[in-house]
Amino acid sequence: MKKVFTYLLMFGIAGIVSCKKDGSNQVNPNPTTSTDKIAPEGFNFNTTKDVALNVTLKTNNDQPIDGVVVSVYNPNNTTSPIFKAVTDKSGNFKATVTVPTSLDKLIIDPAYVGLMRNATAAINGNATTVVIGGKNSFGGDIIGYSADQTLKTNSIRTATTGNALNIKFAYPSPYTGSADAVFNNSTYPLSVGRPKYLEATGDVIDASLLKFVNASLPESNPVPKSHPEYLSSKNTTTLNITAQSDVWITYVSEGAGFLNTLAYYTYKTGTPPTSASDITNATIILPNASNTGSAGALNAGDKVKLGRFEAGTSIGFILLQNAWTGSGIKTDGTKYFSQDNLNPESSASLKKHSIALYDDVHKLFLIGFEDLPRDVDSDNDFNDLVFYATSNPVNGISQDGVPVIDKGGDTDGDGVADDQDAFPNDPTKAYISYYPSATTYAQVAFEDNWPKKGDYDMNDLVINYRYTSVLNAKNQVVTLQGDYLPQASGASFKNGFGVQLPVAASTVASVTGQKAVSNYISFASNGVEASQSKAVIIPFDNQDAVLKNPDGSFFVNTLNAKDKMTGTTVSVLVTFASPVAQASLTPSTFNPFLISNLRRGYEIHLPGYVPTDKVDAKLFGTDDDASKPSAGKYYLSNENWPWAISYNTAILYPLETVSITKAYPHFAEWAASAGLSFTDWYSNTGAGFRDNSSLYLK
């Protein structure tokens, strides 16, 4: 709203004198006439949308994979998920995810060895269906991509140079080179590098095997911490043949940012190569060890026969880092060997780049590789390439010096394996989910003079917020914490802030952390506001308790002439009497509101949101307010201006008395189009989207 104040300038020094707001002096910054509207009827200024998400995880024989915590990312920030959920017995979960209206894709990441990582899924309308795994490797709205695109996970990391050796790499006979040994793009249009010499029938990799693999080599979990015993120098990572045997290698998964190549070499057991130069010949197994849809053409279960080997033969493996070029193999780059002593690290404790484990249930040798230098930036999870070896006869490979695979467990019995469970010893909790993410904030901004219109600088109260939910294995919310950090108070009013949750007040067991200092809010015994049908929390009842100028003057963090103040984060923890379904607590249904100038009945909500039971309903339709409760219309002016707006991110807000239409030139066009045009008006930093001289930048 317009604040009544006078600027006094003398010798370059600005002084600011402020008095209490006077509604009779309001100035409308919108240059339209009284009959013009900034937005069409029915538009509620939403900058977010709800997307119905349907995710299914399957093994390569379409068996469901349950108990996996799946993360969902905004493609513009793949470091911190915007949502999490766990798959049920059908390998499925359905949920509603709140995202910016401009978003047209999501990143879905099970972070589960054996399944595609960081799958890009298109948003079709307001829904996304995702199938990861299965006989076709992926399905639904997942968008696969090819090796010549830049979407490969972590592909920004460049390969290191080193140990370029004169090993002669060859394809299995009768193939003589990549041109005849691999399928081309016309056969696999989304990828290249699939070898022609795969077995006609691959292996079934069932859910139990994947659970063993993930318990042993969990994604992004350093082996030195999770299983330090695997790194013992006494362990062997080569295959030692003890009886004439046929040997096969079966591809399981990759978690790499590189297009790696896998090869093998042999030597007489007991006389291993003492240096990499002792290896003269190696045979290529997997030219491009990358998943279908992830810059490769391999599916879990794809199988290669290495051949028949006599007793006394040992088989070692070589990972050629980022060697696949799209049409062939670059052999002079960095290589990592299954023999520790052949690897380039100077420290003996860091030379190990592969781990071999024996699975006595499935009768196989699981092998995992790490594809980055372990003394620089490796994550040490040893699952950048995962495959296993089998033999006929099944006991043709020695188990000596090979640790037994971790079969995992579920200590608390909640259906989520310990390696997936953030609370492995607590059956009431399984994982944590954040909105908008663990590292970012959403924002809500208010004009505070309702039912009179203001100056639409949208800075009378600006709050950044984040929600942290602790959920159980059934995707039910156990606790909900809201962290509210006030950014600005461009007002002379003393305003409070509340949030109405979309659940009954009786569902709440307790609320802690609220700041009530002005004694006009009554609380029930469980901590919610008293006499409310829905659960209402009051993070603070007076902004001065959380953000103020040291001299007590008005307009905090909205004038460049004043020092910037840091607000106090208010953390409100809501504990539910019994777990609440995740679908009942979607962020879009949370109802934040401003309490104007300590007057409890003066509630200001986002447009279209229903007020709480405490609102003074007589104010609707008075002054400039055009609310019609009978028609479901709330908190829009006669010219369809809002008194509040929220964002999925924290934006730069306008300076004092500067209309948002000036600070963000495309705001008016967005509003006039009912949100169809310039959906990224507040987040786009391109030319013409922001007037930096109108924004508070301190």
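**A residue, a helix and a chain**

Reader: N542 has a relative accessibility of 10%; does N542 count as buried or exposed?
Author: The model is predicted: local features need pLDDT of at least 70, side-chain atom pairs count only at pLDDT 80 or more, and totals for chains, interfaces and linings use all residues. Residues are numbered from 1 along each chain as its sequence is written, and side-chain values use heavy atoms, with hydrogens and water left out. Buried means under 20% relative accessible area, exposed over 50%, and partly exposed in between (1.4 Å probe, protein chains only). Because its relative accessibility is 10%, N542 counts as buried.

Reader: Between which two strands is the loop that holds N542?
Author: Strands (E, at least two residues) and helices (H or I, at least four) are DSSP runs, numbered from the N terminus. N542 sits in a loop, and the strands on either side of that loop are β29 (534–540) and β30 (570–581).

Reader: Which residue's side chain makes a polar contact of 3.2 Å with the side chain of N542?
Author: A polar contact is a pair of N or O atoms within 3.5 Å; within protein, one must be able to donate a hydrogen and the other to accept it, and residues adjacent in sequence count only if both atoms are side-chain atoms. A polar atom of the N542 side chain also lies 3.0 Å from the backbone nitrogen of D544. Leaving aside residues up to four places away in sequence, N542 touches K494, N495, G496, V517, S518 and L598 (contact: heavy atoms within 4.5 Å). The side-chain partner at 3.2 Å is S518.

Reader: How many of the 10 residues of helix α2 are buried?
Author: Helix α2 runs over residues 207–216 and is mostly covered. Among its buried residues are L209, L210, F212 and V213. The cover includes β14 (245–254), β20 (354–359), β21 (364–369) and β22 (385–392). Of the 10 residues of α2, the number buried is eight.

Reader: What percentage of residues 309–392 is strand?
Author: UniProt lists this stretch, in an unreviewed entry, as "domain: DUF4114". UniProt positions are given in the numbering used here, feature names are shortened, and annotations may be inferred rather than shown by experiment. The end C-alpha atoms of the stretch are 10 Å apart.

Reader: How many strands does the protein chain have?
Author: The C-alpha trace of the chain spans about 95 × 55 × 45 Å along its principal axes, and 57% of its 698 residues count as buried. Its secondary structure has five helices, and its strands number 33.
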